[in-house]
Amino acid sequence: MPKRSIFLTSALPYANGAIHIGHLVEYIQTDIWARFQRLSGHEVVYACADDTHGTPIMLRAQKEGVTPEALIERVWHEHKRDFASFAVGFDIYHSTHSDENRALSEQIYAALKRDGLIEVRNIEQLYDPIEKMFLPDRFIRGECPKCHAKEQYGDSCEACGATYSPTDLLNPVSAVSGATPETRQSDHHFFRLSDPRCLAFLRDWALHSNRLQPEAANKLREWLETDESLSDWDISRDAPYFGFEIPGAPGKYFYVWLDAPVGYYAALARWCDEHGDTLERFISPDSTVEQVHFIGKDILYFHTLFWPAMLHFAGMRTPSRVYAHGFLTVDGSKMSKSRGTFITAQSYIDEGLNPEWLRYYFASKLNGSMEDLDLQFNDFIAKVNSDLVGKYVNIASRSAGFITRRFDGQLLDDARASSPSSDHALLEQSLVDGGPSIALAYEERDTARVVREVVALMDAVNEYVDRHKPWEMAKRPDDEALLHRVLSTTMRCFARLSILIKPICPLTVAQIEEEIFKSASLTWSDLDYPPISRLDAFRHLMSRIDRDAIDRLILANR
Ligand SMILES: [Zn+2]
């Protein structure tokens, strides 16, 4: 297979709160895909950054009595720590509040302006006279103009589902100060998506290719084919605002959603600087690097309409693929603080739970679609204990110590010398033959299928051990040679299972490579015949989860 070069991203987490298990779905999904590609010999630059701008950050910093810069600095360290705890292996973790991001945002804005796609229009907006600021929709509460439900947001009603303009809200109140907002006028900068060129480009980009999942393409079809034109996009906000001031427009700032996706390129630019590479190689229109974005389905609109249009009309390449996933529920319900299911990454680690348990469980539920996935704690416990501990680790527990004591750790290199129809050779061959289908499932992000197929192979290896009963053979001196062969076959199969599961459980497999396989670094191409001739006994690999640990975790998050 020719070597691929892939620029890969996960969506940028917002810098005003902690990483929780709902976030982790996406980072774990992307990281598994990145690790699989690297294991297969491809080049991957996996980039991410904190999304740091906007009113919520500004207000949060005010509330804490710190500058926005100090707030985002602290959160950046927390996020970086949490991702590292779950073995999310970014090549670069940057910030949208960076020189690279300012320069790229200005560059894109200037190009759109040159192209006649920026328009300044005077609009009416609600203004908080006490805080002296224009209010974002989410910071206005009032009565729904349709159903008269109280305490609704400025953009939509949670009671009846209506969407409306904040100026339509009855008896509006500022959520910042409690004041009654005034209507004031202000000049805003718009990206003219209503320009016929935009619709023509996006129809071609989104609908006539395999860039999107079928479900996402259907959504796009609704947006792009029913209307004759798209609405213009308001890309500016008035001071006070934490963000980048628009060049030549004092007091006007880029809306956070303009510079957030540009943050992907800013992170990449930083990576290029650190690695002596050029950004051009990745972002020029004729780049041969694949650009792949993993996102949640809630931000499809930004990534499949605004972002490609910004890039295209700024003369840059557009994304090769955008993959959306669904949301996480816990035991069938939305994550909730009162139920203790709004579980932070940090609390999971603090309670002593193994991050690979969660990686494995999410992998077993993700199938590459936009469906929501449910973390059922009893299922989580059962799956980890049965598959990872009872089936996978158990194979090594039953054989590695044995072969170390009896045969000085030496593996018998006779799989190929023995008859191809022997059950030893057949077992080894079945793991080799399983590789391509599992590789395809990884590529398609169908890790649920990866897990099913790998577990079936684990079952086959355990059945082989049960059939031969090495612990009984060991009592019969005549069976010495056969015992050696069975143990060697088992451990070579264990090495293959380790390769197959390495993208999902990188920490456990790293420990296995280090302790059992004498610092081997196994790659996908080693599936055919793992280059292992000797092994060591190992210490403890993975324990079982008990329900008490989960109950403590839930309590810690109440
Ligand atoms: Zn309503």
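The lining of the largest cavity holds 8 nonpolar residues, no polar residues and no charged residues. The residues in question are I21, I343, Y348, L358, L375, F377, F380 and L553. The space inside the largest cavity comes to about 30 Å³. A search of the whole structure returned 1 cavity of 30 Å³ or more. Rolling a probe the size of a water molecule over the atoms shows where empty space is left. The structure is a predicted model, and the values reported here are computed from it.

The protein chain has 558 residues, and 57% of them count as buried. Its secondary structure comprises 18 helices and 17 strands. The C-alpha trace spans about 95 × 50 × 40 Å along its principal axes.

Open space was examined next. The second largest pocket contains about 210 Å³ of space. A total of 14 residues line this pocket. E73, W76, H94, S95 and H97 lie nearest its centre. By class, the lining is made up of 4 nonpolar, 5 polar and 5 charged residues. Three elements each supply at least two lining residues: α3 (68–85), β3 (92–95) and α7 (256–275). Helix α3 gives the largest share, with 5 residues.

Strand β3 pairs with β2 (residues 43–50) in the parallel sense, over 4 bridges. Within this pairing, Y93 of β3 stands opposite C48.

The protein donors are the SG atoms of C144, C147, C157 and C160. These donors lie 2.3 to 2.4 Å from the zinc ion. The arrangement is tetrahedral because the 4 donor atoms subtend angles of 108 to 112 degrees around the ion. In sequence, the donor residues follow the spacing C-x2-C-x9-C-x2-C. C144 counts as buried because its relative accessibility is 0%. C147 has a relative accessible area of 34%, so this residue is partly exposed.

A further sheet is built from 3 strands. The sheet is open, its order is β16-β15-β17, and its pairing is mixed. Strands β16 (333–334) and β17 (373–375) stand at the edges. Each has a single partner strand, so one side of each is left without a neighbour in the sheet. Strand β15 (residues 328–330) and β17 run parallel and are joined by 3 bridges. L328 has L373 in β17 as its bridge partner.

The peptide bond from A239 to P240 is cis, with omega near 0 degrees. P240 lies in the loop between β11 (236–238) and β12 (252–254). N171 has a positive phi of about 45 degrees, although this residue is not a glycine. N171 sits in strand β8 (residues 170–174). With a relative accessibility of 57%, N171 counts as exposed. D408 is another residue other than glycine with a positive phi, in this case near 55 degrees. D408 is placed in the loop between α12 (377–407) and α13 (423–443).

M458 lies in α14 (residues 447–468). Its relative accessible area is 0%, so M458 is buried. M458 and A345 are separated by 113 residues in sequence. Their C-alpha atoms are 30 Å apart in space.

Key: Residues numbered from 1 in each chain as written. Predicted model: local features only at pLDDT ≥ 70, side-chain atom pairs only at ≥ 80, totals over all residues. Heavy atoms only, no water. 1 Å grid on protein atoms, 1.4 Å probe; cavity = no way out; pocket = protein on both sides within 12 Å on 5 of 7 lines; lining within 4 Å. Points joined across faces, edges and corners; volume = space filled by probe spheres on them. Nonpolar A, V, L, I, M, F, W, Y, C, P; charged D, E, K, R; others polar. Pairing = 2+ DSSP bridges. Donors = N, O, S within 2.8 Å, 3.2 Å for Na, K, Ca; no water. Tetrahedral: all angles 85-135°; square planar, octahedral: opposite > 155°, others 65-115°. Buried < 20%, exposed > 50% of the residue type's maximum accessible area, 1.4 Å probe, protein only.
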